[in-house]
Amino acid sequence: QGDRPFLVAYANVAAIAGLVCLMTAMVSATLLVTDFVFSRTTALIAAAVVGLVMLTLWFAVPLSRYGRD
């Protein structure tokens with residue numbers, strides 16, 4: 001019972017680390033596939049767009065909501 005604050009904080013850090021790893025894998029997969037199908041420039045742009053969308057939806061939006069509460 002006394003470890004609840006520690007467990008919640010640890011779970012939060014673990015979830016964020018998991019999201020970062022998942023985002024890295026998804027951006028890398030996007031880069032791999034688009035580099036095979038299209039040119040290198042198009043692949044880099046597509047990977048950057050995917051990465052920015054994920055950063056926005058997974059981190060920027062929740063952090064902006066957290067700042068308002």
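1. Contact here means heavy atoms within 4.5 Å. Leaving aside neighbours within four places in sequence, F59 is in contact with I16, L19, V20 and M54.

2. A word on provenance: this is a predicted model, in which local features need pLDDT of at least 70 and side-chain atom pairs count only at pLDDT 80 or more, while totals for chains, interfaces and linings use all residues. Residues are numbered from 1 along each chain as its sequence is written, and side-chain values use heavy atoms, with hydrogens and water left out.

3. The protein chain has 2 helices and 0 strands; these are DSSP runs (helices H or I, at least four residues; strands E, at least two), numbered from the N terminus. Its C-alpha atoms fill a box of roughly 55 × 25 × 10 Å along the principal axes.

4. Now the pairing. The axes of α1 (residues 4-37) and α2 (residues 40-68) come within 8 Å and cross at roughly 160°; they are lines fitted to C-alpha atoms over the stretch in contact, with angles from 0 to 180 degrees between N-to-C directions. Therefore α1 is roughly antiparallel to α2 (angles over 145 degrees count as such). Residues making the contact include I16, L19 and V20 of α1, and M54, W58 and F59 of α2.

5. Back to F59, which lies in helix α2. Is F59 buried or exposed? It counts as buried because its relative accessibility is 19% (buried is under 20% relative accessible area, exposed over 50%, partly exposed in between, with a 1.4 Å probe and protein chains only). The C-alpha atoms of F59 and I16 are separated by 9.0 Å, although the two residues are 43 apart along the chain.

How values were computed
Parallel < 35°, antiparallel > 145°, perpendicular 65-115°, else oblique.
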